[in-house]
Amino acid sequence: MADAAEHRGASATGHAGVIGGKLGAARLLLWGLAAVLAARQAATALRFPAGEWLGDVVVPAPAGSLYDSGQFTGTPFAGTVLRPLAGLADQSLEVAWTLVTLLLVAAVGLVAARGLPDPVPRRAALLAAPGLVALMTVSLPVGEAAFPGQTAVLPVLLVLLAVFRVPGDRPAGFLAGLAAALQPALLLFAPLLWSTGRRTAARSAAVTFGAATVLAFAALPRDSWTYWVEQPAGTGLGGDPAAPANQSVHGALLRLGLSGPAEVVPYLLLAAVLGCLGMRRAVRYARDGQLLLAVAVTGCVAVAVSPSGWRHQLLWVVLAVAGRVGRRAADRPVWPVAVVLVTTLPSTVLLPNLALLEPVRDNVLLLAALAAACAVPFLPRSSPYWREPVPTSYGRPAASRRQWIPLLPFWRRVLSRPNLLLELLLIRVGYSLYSHIRAAATGTRSLAEEHGSQILAIERVLGIDIEHAVNQAVAGTPWVEGFFDFYYTSFHFVVPLGILGVLYWRRPADYRWARASLGLATVLALTGFWLYPLAPPRLMPGLGFIDTVHGPQDLANPQYGAMTAISNQYAAMPSLHFGWSLWCGVVVVLLAPKGWQKLLGALHPLITVCAIVATANHWVLDAAGGAVVVGAGFALVHVLSGPRRLHAQVPGQRTAGPGEAAAGPGETPGVPAPASARVRS
């Protein structure tokens, strides 16, 4: 027995060593990634010629008023500190400021990682710092803070040092007061310190802020009067306050068209309500032991209610990833993914260019800050789901009928529905990236036409060059032409999205299978667009094709309305018009319960292939290419996750509803309590 116990102990030690080695390797990999991203950010900033780059310098002039140039937006105290740098307005300032900014970002990541609430899992303790540094390095706030005069990263570091690292309340309050002297809205950290029992630090912060402001007033009375009285708290300095760069409530109201008292009164009311609500949440999280989350919430509130909350000041949103959201393990990635997307991608990628969505698109970072401050239901540490969320239920695929196909246990099939918000975000971002890559995969017109001639020659050899005859016949029959034009322009996106929506609601396990196959097929199609730019029949000169959808075109400069600038007309091989319709047909035929539904599913790709040929938008072989990538998408999903069919459910067990985890054997459907909660009950 002693030998058995010793053997078990040695096995456990060996297993822990393997896990530790993997975590160590992952940590080194993340630090390497952070270093590469930092080098890329530095190269991006330093790529500009010194004269062009320094044209945007917002360091105050060496003489005269701080605000004469119209670019400097900082406090008079910040101007006093930065003014000596004006004499270095050359290449050396460009290099020094970029490197110092990146070093400050690394320091913020290291200090913030130490502020994670206890108990910190070993994985989080090892990976938090490099992961956070890498994320901040590529974030939009850091990208804009790399220009001289943008001191947004330094106040964040000063606050984090005051809260987490500096011993003694007076020195900590001094650092918090310096941060507020650089960015006045950060004086909100004084109430946070006061409410969490650090009253000496709160008083020290207020005194430091007041002293720095008075000293700046004594040194620069005219500029101080301009900043604090003529332009309250810098409102209106540094450009149009209604510009999208001003991600504050004040800026959002101005962008909505409000002005004068009609804007000031709602702004003051909203600032008061949001400030009170956000600070109450921050104090609650601080008392709960989630001090880093409390700091992030306070910072988000400060920037949102400030008259001028610039994008480079919203690094606090990145720190809000410290909060945990959701009782299910499957829901935990939603908030971190949303933060990553909002802080690293332009709003035009996150949301389509529709006038209806303009108020949201212009205020994405502000809305994320307000959500973190006032709306996102972060879990308290007392919740039974804090450490042990409801586990994800996985299905066990049935045995494959084709034993010769190698199956790789790479993906596990999840039974429950994915989080809807996460799905919508990923679908939108994925489609935006697809559109940008497709548009960028351009070849020369001569090469695309040469490839078109190759396709036509192959079809003639095969005897399937029917495009011209079909196009001419359809163009000569108005009602047929109208039908195919309508079908071509109307159902390409509607039908796949509709099928995904139905599967999401009715058959969540099959939704994941179908979504993965569609995504892989689309990625494979992008490879074809890059490698083989192809002119469709309507853009081939001298062949007599009629563009029934857009009308006659100048082949050297075709015009397609709003799509002209963003579409790649030579992305024709493979045809995703047909590929996506074939995917729809396969999914409907396999999963639809009724015969008439299967018939409609089978007809959709048949009508689509007729439409793409009749309108001269594709060759017949383009459709064959679309079929190949769709088949490859289904095959890859089969290899990576096994057959679509899963083992039968336990009798009496139902599919999980929206927001629920699938019930396992012996469990009640819905959201069961985690194991720890069940033991206590």
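**Entry 1: the model.** I am working from a predicted model.

**Entry 2: helix α23.** I started with α23, which runs over residues 478-490 and has 13 residues. I checked its span from first C-alpha to last. The helix reaches 18 Å, close to the 18 Å expected at 1.5 Å a residue.

Next I asked which residues of α23 are buried. I found Val480, Glu481, Phe484, Asp485, Tyr487 and Tyr488. They cover an arc of only 165° around the axis, so they sit on the same side of α23. I then looked at the face turned away from that buried side. There I noted the exposed residues Pro478, Trp479 and Thr489.

What covers the buried residues of α23? My list includes α22 (467-475), α26 (576-591) and α27 (595-614).

**Entry 3: the largest cavity.** I searched the whole structure and found three cavities of 30 Å³ or more. The largest has a volume of about 80 Å³. I counted 13 residues in its lining. Phe491, His492, His577, His604 and Thr608 lie nearest its centre. The elements giving two or more residues to this lining are α23, α26 and α27. By residue type, the lining of the largest cavity divides into eight nonpolar, five polar and no charged.

**Entry 4: the second largest cavity.** Its volume is about 40 Å³. I read off the lining as Thr75, Pro76, Phe77, Ala181, Thr213, Ala216, Phe217, Ser224 and Trp228. Two or more residues come from each of α3 (76-82), α10 (199-219) and α11 (221-230). Which element gives the most to this lining? I get α10, with three residues. The lining of the second largest cavity divides into six nonpolar, three polar and no charged.

**Entry 5: backbone checks.** Most peptide bonds are trans, and most residues other than glycine have a negative phi.

I found a cis peptide bond joining Met573 and Pro574, with omega about 0°. Pro574 lies in the loop between α25 (508-531) and α26.

I also found Ala616 with phi near 65°, a positive value in a residue other than glycine. Ala616 is in the loop between α27 and α28 (620-641). Is Ala616 buried or exposed? I count Ala616 as buried, because its relative accessibility is 0% and the cut-off for buried is under 20%.

Note on methods
Residues numbered from 1 in each chain as written. Predicted model: local features only at pLDDT ≥ 70, side-chain atom pairs only at ≥ 80, totals over all residues. Heavy atoms only, no water. Helix = DSSP H or I, 4+ residues; strand = E, 2+ residues; numbered from the N terminus. Expected span 1.5 Å × (residues − 1). Buried < 20%, exposed > 50% of the residue type's maximum accessible area, 1.4 Å probe, protein only. Arc of directions from axis to C-beta. Contact = heavy atoms within 4.5 Å. 1 Å grid on protein atoms, 1.4 Å probe; cavity = no way out; pocket = protein on both sides within 12 Å on 5 of 7 lines; lining within 4 Å. Points joined across faces, edges and corners; volume = space filled by probe spheres on them. Nonpolar A, V, L, I, M, F, W, Y, C, P; charged D, E, K, R; others polar.
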